[in-house]
Amino acid sequence: MNRLFLSVWCAILTALASCQYSIAAQSQPSNLPSAIFVDPPRDAANPMRNEAVWIPSGGLLMNGVMYAAAGIRNHPTVLNIHGTPGNEQNMDIAQALRRAGYNVLSFHYRGAWGSPGKFTQAGGVDDCDAALAFLQDSAVGARFHIDTKRLIVIGHSYGGFAAARVAAAHPNIAALVLLAPWNPAQDIPLFTVPPEKFAAAAHSIFDDDEGRMGGYTDVDMAKEILAPGYDWRLETSAEAIKNLPILIVSAKYDSPDDQGTELITALRQVHAADVKTVSMDTDHPFTDHRIALEKVILDWLQRRISAKATR
């Protein structure tokens, strides 16, 4: 009798759990792209996979990982550029994009998170350029089924500054997404202080860089921005990227140097063809708006990239 009771009770619990799962799945907001919350069926012949890659830059090999999409068709492919020091790497965005059929390449600059060499901000821009060249290599394209006519660059914070520079040098990419893009030039007044206050000023801006950038400190960051010979203005890229589809997402509770304001103004002045701006009620890493961020990016990209595929 007890065994029968337990058997019936287990069956009831299993049915209830299944029902709750079904209700939860059905209750997902209908306006969200399904790739945010639904796993695609497994492609047994060519499944999704994570594959470690080594990306040549400056005579060294940077650490990277390809979030490879399923299937043998050529995929639109994203270069995912994180900020400094890389505490937020937007891997949730990478996973959602892969579920939607995109390859995503994430990597670490030279001198950051185990990549050899020494990091510099100017060198990081070169590293991003090298990563884009890696995606355009025919052997890499064949290995990961890359559609080189649909390469997208996404950059966050310092990565947004670097992404704008890379896009300016390669205006044939399919789209550019800037998340809280940093404008280093806006910080120059903060570092124009007496020598005895310089270290404190640098730490106030770059307080999370120590130990993560291969010996490159917060003071080094500030000194590089002040050093002559490099243009640290985000808006400098406006003219070269004006014909690209551009999405700029900012955060309300972010600092003024990460709002993209000067770039947006410059893009208007050069009559940029396709620029969408979105402001979210969150902070610099979009901490409590991650799903909303995925939705904005996926919705925007699907319209641009699908149109690109039909040309």
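Predicted model: local features only at pLDDT ≥ 70, side-chain atom pairs only at ≥ 80, totals over all residues.
Trainee: What is the strand order in the open sheet?
Mentor: The open sheet has eight strands in the order E1-E2-E4-E3-E5-E6-E7-E8, and the pairing is mixed.

Trainee: And which are the edge strands?
Mentor: Strand E1 (49–57) and strand E8 (274–280), each of which pairs on one side only.

Trainee: How are neighbouring strands turned against each other?
Mentor: By 20° on average, with direction ignored.

Trainee: Let me look at E3. How many of its residues are buried?
Mentor: Seven of the seven residues of E3 are buried, so the strand is largely enclosed by the rest of the structure.

Trainee: How many bridges join E3 to E5?
Mentor: Six, between E3 (residues 75–81) and E5 (residues 146–156), and the two strands run parallel. His75 has Ile146 of E5 as its bridge partner, and Val78 stands opposite Ile152 in E5.

Trainee: What about E3 and E4, how many bridges there?
Mentor: Four bridges join E3 to strand E4 (residues 103–107), and these strands run parallel. Asn80 stands opposite Ser106 in E4.

Trainee: Now the loop between E3 and H2. Where is the cis peptide bond?
Mentor: Between Thr84 and Pro85, with omega about 0°. Pro85 is in that loop, between E3 and H2.

Trainee: What is phi of Asn90?
Mentor: Phi of Asn90 is near 60°, which is a positive value in a residue other than glycine. Asn90 lies in the loop between E3 and H2 as well.

Trainee: Is Asn90 buried or exposed?
Mentor: Buried, because its relative accessible area is 3% and the cut-off for buried is under 20%.

Trainee: What does phi look like at Ala180?
Mentor: Near 45°, again positive in a residue other than glycine. Ala180 is found in the loop between E6 and helix H6 (188–191). With 0% relative accessibility, Ala180 counts as buried.

Trainee: Changing topic to helices. Which strands does H5 lie across?
Mentor: Helix H5 (residues 158–169) lies across E3, E5 and strand E6 (175–179). The helix runs at about 145° to E5.

Trainee: And which strands does H10 touch?
Mentor: Helix H10 (residues 261–269) packs on the sheet and touches E6, strand E7 (245–251) and E8. The direction of H10 makes about 150° with that of E7.

Trainee: Where does Gln259 sit?
Mentor: In the loop between E7 and H10.

Trainee: Buried or exposed?
Mentor: Gln259 counts as buried, because its relative accessibility is 16%.

Trainee: Which backbone oxygens does the side chain of Gln259 reach?
Mentor: A polar atom of the Gln259 side chain lies 2.9 Å from the backbone oxygen of Ala251. The side chain of Gln259 also reaches the backbone oxygen of Asp254, at 3.4 Å.

Trainee: Which residues does Gln259 touch, not counting those up to four places away in sequence?
Mentor: Pro181, Ser250, Ala251, Lys252, Asp254 and Ile264. Ala251, one of these, is the residue whose backbone oxygen lies 2.9 Å from the Gln259 side chain.

How values were computed:
Residues numbered from 1 in each chain as written. Heavy atoms only, no water. Pairing = 2+ DSSP bridges. Axes fitted to C-alpha atoms, helices over the stretch in contact; angles between N-to-C directions. Contact = heavy atoms within 4.5 Å. Buried < 20%, exposed > 50% of the residue type's maximum accessible area, 1.4 Å probe, protein only. Polar contact = N/O pair within 3.5 Å; in protein donor to acceptor, adjacent residues only side chain to side chain.
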